[in-house]
Amino acid sequence: MTTVLTRATTLTRGTVIALFISGMAISYFVAAISRGDGEIVPLGIFALGLVVFGMLVIPTSWVVEGRRKAINRTMTGLVFSAFGFALVPLVSLVWTVVTLGLARFDGEFFGSSMRNVVGEGGGALHAIIGTVEITLIAALISIPIGLLTSVYLVEYGRGRFSKWVTTMVDVMTGIPSIVAGLFAFALFSVFFGPGVRMGFAGAVALSVLMIPVVVRSSEEMLRLVPNELREASLALGVPKWLTILRVVIPTAIGGLVTGIMIAIARVIGETAPLLIVAGFTQSMNYNPFSERMMTLPVFVYNSYSSQGTDAQAYIDRAWAGALTLIVIVMVLNLGARIVARVFRPAGNH
Amino acid sequence: MTSAPPATRRPRRGDRIFRGISIGAGVVILSVLVLVAAFLVFKAIPALDPSAQIESTPDGFLAFVGPLVFGTLFSATLALIFATPLSIGIGLFISHYAPRRIASVLGYVIDLLAAIPSVVFGLWGIQVFAPFIQPVYLWLHDNLGFLPIFEGEVSGTGRTILTVGVVLAIMILPIMSALAREVFLQTPRLHEEAALALGATRWEMIQMAVLPFARSGLLSAAMLGLGRALGETMAVAMVLSPAAAVSFKLLTSENPSTIASTIALDFPEASGLDVNALIAAGLVLFAITMVVNSFARAIVTRQRIKMGEN
């Protein structure tokens, strides 16, 4: 009689854990028996174990708890495994970039170009200089245009023209990066002849990609500034433009800087447009207005795609370049986070 | 107070100048877009002439771009097929399953992953993923070879359109999951609580309250992901071994190529009318992504109107 009353209507945690352990055990035995000459991969066993665990726990739950809870458990399992499944390639990516990139992450890599280098040695200094110059120019073009446009949209924008601008920014957001590169090429080849390659054209291509990002994020930040601040300032007799410059923008400055840093992080890894208009070279070129200019993403691509006699040296340099790129992007993103945190009190206490 | 009139007049001039500058920035954006379209069309026109002698495309421009359009759509669709269920799962995990403290960290990690440059994905795809997945392709061919998509001789390098689809899916996963999470988080709390109060399990609550509310948001997230996948260049250029073929076979080394990767691979070597042909192909890509993106925007706008009415 007591057994009827205390009959479990839900699976206890102990039961689930027991089923989990037996799932893993079954998976291990299956792998141990059926393996031919292959070795046992722990991750594979774990994945198979999860499947076996699912096959054990779902029927058990169905019998004990009923159909609805069994479905709930199934979906919970699927959601968790979707997350785990997606994590595997991303972890693998970061892991390989770090481990393989460290092989050539040394002083020579950051201290020399590829001029006259065949095989081992050499570095990416020319590419790093190129990336810094091109990205800086792109930022110098994009930040004023993007910031002013967002000021227009938030503070002045009424009527049809502002709708047009909003739509066009949306369209610009969707321009594929390679099309931006083609545009810069088409533009500059009209003035400089059909074989034009220069760093500045690359910066123009990057600006096309960067401006909409800056507009988007700044617009969002400016809209967050409370209207009371604007009204208070205007009521004190401060003209509108000074209100914008002295009240609105300083209030939103943290968010604006964060958005700009993230926009820079977005374009600094762009490869395709620079491959087209900035070209590639083995030598240092400080002048963005003439001749080909190497950049870090193109360096990675080029090291891989045209390997010389000592292929491993080229692949090692490609990975080191990839690691450098990821470090730069992460630093920019983390910096943006920190800026956002430091300036937060300015907005709402 | 006697000096009031001049005091109000001077700022007005400042206002006018500042207003003019910020409108000017908007004009710049409009003209940039017009310029992009104009220069691309201008440079593309010579290739569209049917009598033009294009070295790489002797059969005319349409015969050149047709297979590429197919490859672009095919690889992006593959990516979307893999990425959509996964991104919904990840979005749900972060918004409704993970403990709150972990959830915010995970959201941040996903944002970071969205920033990884595509050339790094390409390098990883060809060096790590393609060799890893190739035995799986052999297995698929041996056991499911009767399906048309798994027919043909399996590529020895793993650099197939299926690999490209998976790599593209991994690349658009962060942005799509971030959007999905955002949509899920906007579900009215009262709807969720009402479902739970009626005795629904967590999944039933998600089915009844979260998913119907998020449907259009998810659709637009998928469209934006599709737009990304269509325009993605470097990963495809590095991973795929292209053959400009039109085929649905996933595992062979005769793969349809994409517009963007063809431009990236051929442009540095191209000269003469070949350049114009590539630019014209870029224009086609621009048009395709614009259609996809405006579709996504239309969905968002409609949803906003609908929510305003409720």
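This report covers the chain contacts, domains and helices of a predicted model.

Local features need pLDDT of at least 70, side-chain atom pairs count only at pLDDT 80 or more, and totals for chains, interfaces and linings use all residues. Residues are numbered from 1 along each chain as its sequence is written, while chains are lettered from A and ligands numbered from 1 in the order in which they are written.

**Chain contacts.** Chain A puts 67 residues in contact with 64 residues of chain B. Contact requires C-beta atoms, placed from the backbone, within 7 Å. Helix H4 (residues 67-101) of chain A gives the largest share of the chain A side, 19 residues. Helices are DSSP runs of H or I, at least four residues, numbered from the N terminus.

**Domains.** Chain A splits into domain 1 (13-102) and domain 2 (111-348). The bounds come from an automatic or database domain assignment. Their centres, taken over C-alpha atoms, are 42 Å apart. Four residues of domain 1 of chain A touch five residues of domain 2 of chain A.

**Residue classes.** Ala, Val, Leu, Ile, Met, Phe, Trp, Tyr, Cys and Pro count as nonpolar, Asp, Glu, Lys and Arg as charged, and the others, Gly among them, as polar.

| Side of domain 1 of chain A that touches domain 2 of chain A | three residues | one residue | no residues |

**Helix pair.** The axes of helix H11 (residues 240-268) of chain A and helix H14 (residues 311-342) of chain A come within 8 Å and cross at roughly 175 degrees. Axes are lines fitted to C-alpha atoms over the stretch in contact, with angles from 0 to 180 degrees between N-to-C directions. H11(A) is therefore roughly antiparallel to H14(A), a term for angles over 145 degrees. Residues of H11(A) in this contact include Gly254(A) and Met261(A); those of H14(A) include Leu332(A) and Asn333(A).

**A kinked helix.** H6(A) has a kink of about 25 degrees at Ser142(A), shortly before the proline Pro144(A). The bend is the angle between axes fitted to the seven residues ending there and the seven starting there.

Key:
Two residues are in contact if their C-beta atoms, placed from the backbone, lie within 7 Å. Helices (H or I, at least four residues) and strands (E, at least two) are DSSP runs, numbered from the N terminus. Angles under 35 degrees count as roughly parallel, over 145 as roughly antiparallel, 65 to 115 as roughly perpendicular and the rest as oblique.
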